[in-house]
Amino acid sequence: MDREEGWLRFNQRVLELAEDEDIPLLERTRFLAIFSSNLDEFFMVRIAGLKRRVATGLSVALSSGHQPRALLERLSEVTHELMLRHAACFEKSVTPALREAGIRIVRWNELEGDEREYLRGYFGRSVYPLVTPFAVDSAHPFPYVSGRSLNLAVTVRDPRDGRRMFARVKVPSSLPRFFELTSHGGSRFVPVEDIIAAHLPQLFEGMEIVEHHAFRVTRNADLEVDEDETDDLVTSLENELLRRRFGPLVRLEVEQDISAEALAILTEELGAEEEEIYRVPGPLNLAGLAQIADLDRPELHYPPMVPVEPRALTSGDLFAAIREREVLVHHPYESFATTTERFLALAASDPEVVAIKQTLYRTSGDSPIVESLIEAARAGKEVVVLVEIKARFDEQNNIQWARKLEQAGCHVVYGVVGLKTHCKLSMVIRRDDDGTLRRYCHVGTGNYNPSTARIYEDLGLFSAATEVGEDVSGLFNSLTGFSRKKHYRRLLVAPGALRKALLGQIAGEIDNALKGDPAHIRIKVNSLVDQEIVDALYRASQAGVKVDLWVRGSCVLRAGVPGLSENIRVRSVLGRFLEHSRIFVFANGWRPQVWIGSADLMPRNLDRRVEALVRIADGEQCHRLIDLMDRAMSDDTSTWRLQPDGTWDRVTRDEEGRPLTDIQDHLRNSRPGRAVEV
């Protein structure tokens, strides 16, 4: 199946959560915002990439068999359908429900007189100084409209000669998406463009306002930096970031009631083609609904969840606990703060720690992880940090963190030329009581980001095992120097060996099935789009191997097709937490092999990124992960299920109408063997 349409169907599943009236209201509002934000990124990267293929004449059919131009037309059709469905959910379902809960999103014509008077004062104080009208005439060319900015297309008439003129007014990005009024009881929110539109006569003094309509542009935001040609990757990337806002147009959003005249001007001046124009009911840019979703109304949110601390780490000496036994942690059910953050904070302050090595792909703006690394460097410890400054849409943040780390005395490196470093590794070198230098490692599936760790589901393994320490040391040497280590004992590393190893594991399951030994493949990933892996899984199914796939996002494999994949089941789980961990389980006859790590099953992860999986050696931990996989695939669990025709069916109730188990609720409510909540 097609990868891009598969991703749109994933975002459709997000929309289905917003449509689900059994989900708390402000969480439904948040899913509307997530859908909108996701779609922006889809256009900025995926649609932009397809358009670039067409523009450069690369008309070779994709692996799905589609020609790029035909695929663009198909994606445009699906996206138009989803955007209208999104707008309908907002207007006909979520907005009325918010109103009943005392939360109103009101347009200017719905405001009371005193509210309008208050907003006139607000406009004069806080908005008018920021707003600049841009006229369009022979002396004023059409202004450049930056990507993702919200704008007003304004038509004015000169009362002296009746001449009509066009202008653009940009809504300042520094303003909140919605302005909150606290009068008349409850919470009332006004779209910021309505406030500006109501005061257009002040911006065009002496002119008559004929009409105004909101519009929004999405542009190509994929960066292109030739690492082989640049002497300074950071500087080159900063220059490219400046150009990101001004890439080619890939989508023009307009309000449904825009006049033909105004749309014709926008279409011509912006160079938009018909399939790039999306007419939707206002307001535009519903990613801003996150502001409303954050309201302090506990009864309209998911019930609070406080993570627990793994019992194995409750003793006073964290390093002794890891030395005694490897520790597997599962976020957000188990605390990120008292495990991963604590691991690095203790390393920074412990006088016996002599060095820390760390990868950073994405982290938060007030990251205690970064602060611990800075503290360690200032304490005289050797600190090496690999900052991936090419992490999409986090480039600027990561550049700033890299410079801050360098100023504190950390050794900062930017990875391997031509590859993104996506593996999640941390290593602390400590002189233990017996005088031995020991390596304490953390290998994870998620970013070292305390903010997202509260809502992203991820796994991490803490280990002081010699073979893990040697493997992680070797991988860091490859990242910071010229080492070309390929053979590891407990790690599988991309791009050198991971693809071959996974194909080898699948082939091993096929051999076992043919011999009559236990043969079962269980995989949990965010995306499954790699053609070679898909073909191998088809072969496994045909050989009688049971294949269970838990895929959050895009999946190009067809499940349950007779003669091809009748032994393959695909499930998807979306909900309160973003399923983000990657798990690989192979029955391996009678000796199951279980891996966790950073890699999805995509060509970029297997061939163009540095990724790492670590093998779980503890039998109890293996059983825990196998049980998790089996629970997700159970017919008693609420999931989306991929059908042979590529559609996803959401199954939330059994044949008698009873609710199926929500796996995230199950994990939240049943955490055996854990310590107290923290």
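Select helix H14 and colour its buried residues: among them are Val468, Gly469, Asp471, Val472, Leu475, Phe476 and Leu479. Buried means under 20% relative accessible area, exposed over 50%, and partly exposed in between, with a 1.4 Å probe and protein chains only. Helices (H or I, at least four residues) and strands (E, at least two) are DSSP runs, numbered from the N terminus. This is a predicted model: local features need pLDDT of at least 70, side-chain atom pairs count only at pLDDT 80 or more, and totals for chains, interfaces and linings use all residues. Residues are numbered from 1 along each chain as its sequence is written, and side-chain values use heavy atoms, with hydrogens and water left out.

Stay on H14, residues 466–480. Its end C-alpha atoms are 21 Å apart, which agrees with the 21 Å that its 15 residues should span at 1.5 Å a residue. The expected span is 1.5 Å times one less than the number of residues. An α-helix has 3.6 residues a turn, so residues three or four places apart point the same way.

**Strand S22 and its partners**

Next, select S22, residues 568–572. Four of its five residues are buried, so the strand is largely enclosed by the rest of the structure. Show strand S21 (residues 546–551) beside S22: the two pair in the parallel sense over four bridges. Two strands pair if DSSP finds at least two bridges between them. Click Leu549; its bridge partner in S22 is Val570.

Zoom in on Ile568, which is found in S22. Ile568 counts as buried because its relative accessibility is 3%. Beyond its neighbours within four places in sequence, Ile568 is in contact (heavy atoms within 4.5 Å) with residues including Leu537, Tyr538, Val547, Leu549 and Leu557. For a sense of scale, draw a distance from Ile568 to Thr95: their C-alpha atoms are separated by 40 Å, and the two are 473 residues apart along the chain.

**Asp600**

Which loop holds Asp600? Look between strand S25 (593–597) and helix H17 (603–607). Asp600 is buried, with a relative accessible area of 5%. Show its polar contacts. A polar contact is a pair of N or O atoms within 3.5 Å; within protein, one must be able to donate a hydrogen and the other to accept it, and residues adjacent in sequence count only if both atoms are side-chain atoms. The side chain of Asp600 reaches the backbone nitrogen of Asn526 at 2.8 Å. A polar contact of 3.0 Å joins the side chains of Asp600 and Arg582.

**Arg177**

Move to Arg177, in the loop between S4 and S5. Is Arg177 buried or exposed? At 9% relative accessibility, Arg177 counts as buried. Its side chain reaches the backbone oxygen of Leu284 at 2.6 Å. The backbone oxygen of Asn285 lies 3.3 Å from a polar atom of the Arg177 side chain. Now show Phe178: Arg177 lies over the face of this ring, at 5.0 Å from the ring centre. A charge sits over a ring if NZ of Lys or CZ of Arg is within 6 Å of the ring centre and within 35 degrees of the ring normal. For another case, select Lys524, whose charged end sits over the ring of Trp550, 4.7 Å from its centre.

**Aromatic pairs**

Rings of Phe, Tyr and Trp (its six-membered ring) pair if their centres lie within 6.5 Å; planes under 30 degrees apart count as stacked, over 60 as edge-to-face and the rest as tilted. By this rule the count comes to 12 aromatic pairs. Select Tyr122 and Phe179: the ring centres are 4.1 Å apart and the planes are at 35 degrees, so the pair is tilted. Tyr122 is in helix H4 (residues 113–127) and Phe179 in strand S5 (residues 178–181), 57 residues apart. Next, Phe142 and Phe166 form a stacked pair, 6.2 Å centre to centre with 20 degrees between the planes. Both Phe142 and Phe166 are buried. Finish at the cluster of Trp7, Phe10, Phe42, Phe43 and Tyr278, linked by ring pairs.
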